[in-house]
Amino acid sequence: MEALIPYLWAFGIVGLIYVFVKNAWVSKQEVGDEKMARIAKNIADGAMSFLKAEYKILSVFVAAVAVLLFFKGQSEAGSNGLVAVSFIVGAICSALAGFIGMRVATKANVRTTNAARTSLPKALEVAFAGGSVMGLGVVGLGVAGLGILFTVYSAQGWGIDEVLNVLSGFSLGASSIALFARVGGGIYTKAADVGADLVGKVEAGIPEDHPLNPATIADNVGDNVGDVAGMGADLFESYVGSIIGTMVLGAAFTVVPDFADSFNGLGAVYLPLVLAAAGIIMSIIGTFFVRVKEGGNPQTALNLGEFGSAGLMLVASYFLINEMLPESWVFQSTTYTSMGVFWATIAGLVAGLLVGKVTEYYTGTGTKPVNSIVRQSETGSATNIIAGLGVGMMSTAIPIILISAAILVSHHFAGLYGIAIAAVGMLANTGIQLAVDAYGPISDNAGGIAEMAELPSEVRERTDTLDAVGNTTAAIGKGFAIASAALTALALFAAFMQTAKVKAIDVSDPTIMVGLLVGAMLPFVFSALSMNAVGRAAMAMIEEVRRQFKDIPALKSALEVMRKYDSDLSKASAEDRAIFDAADGVAEYDKCVAISTQASIREMVMPGLLAIIVPVLVGFLGGAEMLGGLLAGVTASGVLMAIFQSNAGGAWDNAKKTIESEGRKGSDAHKAAVVGDTVGDPFKDTSGPSLNILLKLMSVVALVIAPSLVSPSEAAYAEAATAQEVRKEISVNVQATSEEGGVEVSVTTTETANGETTTTEVAYAGADLDEVMEEVRANHPEVTIKKETQE
């Protein structure tokens with residue numbers, strides 16, 4: 001096993017090879033007719049133009065921060081200027097993960113639509129293949145990037161603390177890109193969605209994704225920008241953040257003698273990276289379980305792949321943990337066991353699954369909470385909004401209890417390291433989890449293309465079946481994202497405290513209480529910034545769609561035909577049909593795409609800078625303890641706000657879909673539900689998911705600046721505390737010295753303190769063994785003597 005450690009990065013390369021093969025397979029599938037190809041090209045061009053604009057801005061940000069990190073690393077003890085290299089590599093890997101996901105999603109959407117013309121199983125195969133490229137791309141880049149950097153830095157002769165401090169820059173780069181991608185993508189998709197829904201559905205009365213709607217291409221682009229690239233960057237950041245946080249906490253065990261016999265004492269440091277590498281293999285195996293027959297349930301197929309992979313990962317985790325960690329060890333007067341670490345891993349995985357199922361209950365179609373919103377939609381928009389807010393607030397209770405239980409259980413079995421390893425356990429299967437999640441927006445796009453291309457109704461029925469399953473998988477994915485964010489943030493928080501030599505956070509201290517209150521306030525300000533950004537962008541989108549409906553004659557005439565036949569063009573006369581067909585492609589889609597792109601790029605800057613600047617200011621002005629209070633406040637408040645917003649938005653969305661499925665489009669209840677869904681859209685797709693990254697990014701920033709916050713007195717205190725971690729072992733060798741029966745007893749004492757081992761040997765001689773042993777016991781009363789007798 002030890003021989004594989006320098007080559008863990010190769011498992012990431014295996015994941016990327018899978019990505020290459022699957023991407024090539026998706027590319028070979030048939031696109032469909034000319035109209036489908038044209039629509040898909042518009043979506044792909046819009047998605048790539050957004051990424052190009054976003055990455056152009058972010059490249060300037062990355063360069064500026066890298067320069068600052070270089071000088072910071074060069075000027076402080078325990079760090080190095082190469083932290084800037086880690087930051088750049090992390091940012092590139094995060095951006096590349098989003099790019100790979102976006103490219104394949106915009107290829108797979110139209111190919112899924114075309115496959116749906118044949119059968120549901122074929123459509124599922126194409127959509128899931130596209131999602132698996134996203135999933136394996138994220139984990140492959142994560143393990144390859146971290147593995148290569150760790151191997152290179154370890155070869156520099158630095159101490160493990162310096163290696164991990166420099167490596168933490170990778171997580172900072174990933175977190176920074178993830179936050180901008182999530183916020184920017186969320187603003188983009190919701191500006192387009194709100195504009196398309198309010199003007200298209202409510203005012204014009206045309207179906208969702210109809211080609212007459214100028215915002216429909218921007219809406220479909222937004223599905224990829226927000227739910228593919230954004231979600232990919234989000235989970236990439238959670239994935240590498242949990243690994244690095246666990247490695248930092250595992251470094252504390254390097255002073256324990258029980259670890260010295262294997263892996264150069266770094267078994268606890270390597271373990272999270274090894275689990276992540278194994279997760280890549282298990283995720284690849286899981287993808288082969290996703291198969292469905294004609295008439296079968298796609299949800300069953302996806303569950304088989306996801307849960308089958310999770311089961312395999314649990315088995316692998318048992319053997320890997322017991323191989324890499326001692327059976328038991330003592331650290332700071334507490335006994336830990338390898339099985340305790342395994343139970344902590346299970347606690348994290350189970351909590352993630354249960355939070356996902358609770359999320360599904362509060363947001364799923366046909367559930368009691370969603371039906372309550374449907375009922376209250378009958379009396380108007382106000383009661384719909386009240387009901388949705390109530391569902392979102394109530395939905396925080398069980399997930400918080402489950403996350404708290406996972407924290408207590410994992411801490412009971414393995415301390416702070418257990419909490420961190422629980423996050424790793426939850427995210428080890430990110431490859432297939434994200435594949436299932438990214439499948440959703442691909443299926444949603446496929447349905448949009450089917451609608452715009454006016455394909456037969458059975459095609460839309462098949463894509464709607466896939467999309468409905470995608471909504472469920474998205475709910476579970478968001479539950480996983482929230483739960484993993486909470487555990488990852490806590491692991492990074494613990495790593496910050498260890499690095500900054502902070503022993504405790506005392507909330508009775510006014511300085512720390514101020515940090516706590518400011519931290520609790522930040523998620524509200526952050527949410528307000530992102531919500532207001534969506535509102536401003538949506539206003540511009542609404543005005544543009546209204547302008548086109550009013551000023552473009554062909555669109556205006558086609559809308560009149562749609563209203564005349566209540567959107568059922570099968571009843572249209574030949575003359576009216578000709579009027580409608582003349583409007584095909586007339587809508588100025590590119591102007592709506594440009595509005596969403598420009599608004600999202602402009603509006604993402606302030607929330608992103610807030611997450612980076614505030615912890616730096618608080619840390620350097622208020623000290624490490626105040627920064628600790630800030631992190632505690634933002635974690636507690638942020639997790640609650642993220643759950644509330646995501647679930648309220650999801651419940652509003654499915655309440656609207658429930659009313660539509662009942663054939664009540666255009667009714668007063670439906671109009672109220674559309675308003676509720678419009679309010680919920682930025683909740684569930686912009687501010688809610690972005691809060692997950694806010695928690696982790698602020699903790700990562702704190703971890704990176706932690707060495708600069710350590711005062712000399714704190715360092716001396718920490719050194720004294722570490723010095724208490726002393727272990728002694730005495731071996732006694734008894735040997736005859738002559739034929740007359742004289743004996744010589746040699747006593748070898750091995751003592752480990754502060755990571756340094758010293759050995760001393762004392763000899764005792766005499767004629768009588770008992771007398772000599774009495775002298776030995778008198779000189780070494782404090783330890784248990786292990787006898788080894790040689791004759």
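# Questions on the helices, patch and salt bridges

Q: What describes the packing of helix H3 and helix H6?
A: Helix H3 (residues 83-116) packs against helix H6 (residues 216-250) at an angle of about 145 degrees, and their axes are 9 Å apart. Axes are lines fitted to C-alpha atoms, for helices over the stretch in contact, and angles run from 0 to 180 degrees between N-to-C directions. Helices (H or I, at least four residues) are DSSP runs, numbered from the N terminus. This is a predicted model, in which local features need pLDDT of at least 70 and side-chain atom pairs count only at pLDDT 80 or more, while totals for chains, interfaces and linings use all residues. Residues are numbered from 1 along each chain as its sequence is written, and side-chain values use heavy atoms, with hydrogens and water left out.

Q: Which residues of H3 and H6 meet?
A: On the H3 side they include Gly90, Gly98, Gly101 and Ala105, and on the H6 side they include Val225, Val228, Ala229 and Phe236. Contact means heavy atoms within 4.5 Å.

Q: Why is Leu691 called buried?
A: Buried means under 20% relative accessible area, exposed over 50%, and partly exposed in between (1.4 Å probe, protein chains only). The value for Leu691 is 0%, so Leu691 is buried. Leu691 is placed in helix H21 (residues 668-709). Leaving aside residues up to four places away in sequence, Leu691 touches Pro523, Phe526, Ser527, Gly638, Met641, Ala642 and Gln645. Leu691 and Arg182 are 509 residues apart in sequence, with C-alpha atoms 9.3 Å apart in space.

Q: What makes His670 count as buried?
A: Its relative accessibility is 6%, which is under 20%, and His670 is therefore buried. His670 is also found in helix H21. Among the residues that His670 touches are Lys656, Ile659 and Glu660.

Q: How do you know that Lys656 and Asp653 form a salt bridge?
A: A salt bridge is a side-chain nitrogen of Lys or Arg within 4 Å of a carboxyl oxygen of Asp or Glu. The N to O distance here is 3.9 Å, so the pair qualifies. Lys656 and Asp653 both lie in helix H20 (residues 624-661), three residues apart, about one turn of the helix. Lys656 is buried at 2%, and Asp653 is buried at 12%. Both belong to a network of salt bridges that also links Lys657, Asp677, Asp681 and Lys684.

Q: What makes the pair Arg460 and Glu451 a salt bridge, and are these residues buried or partly exposed?
A: Their side chains meet at 3.2 Å, N to O, which is within the limit, so the pair counts. Arg460 is buried at 18%, whereas Glu451 is partly exposed at 23%. The structure holds 15 salt bridges.

Q: Which residues make the nonpolar surface patch?
A: Ile57, Val605, Leu609, Ile613, Leu617 and Leu621 make a patch of about 520 Å². Patch residues have over 30% relative accessible area and no salt bridge, and nonpolar side chains (Val, Leu, Ile, Met, Phe, Trp, Tyr) are joined within 5 Å. Helix H19 (residues 605-622) gives the most to the patch, with five residues.

Methods: Patches are made of residues with over 30% relative accessible area and no salt bridge: like charges are joined within 9 Å, nonpolar side chains (Val, Leu, Ile, Met, Phe, Trp, Tyr) within 5 Å. Accessible areas come from the Shrake-Rupley method with a 1.4 Å probe; for residues, only the protein chains shown count as cover. Helices (H or I, at least four residues) and strands (E, at least two) are DSSP runs, numbered from the N terminus.
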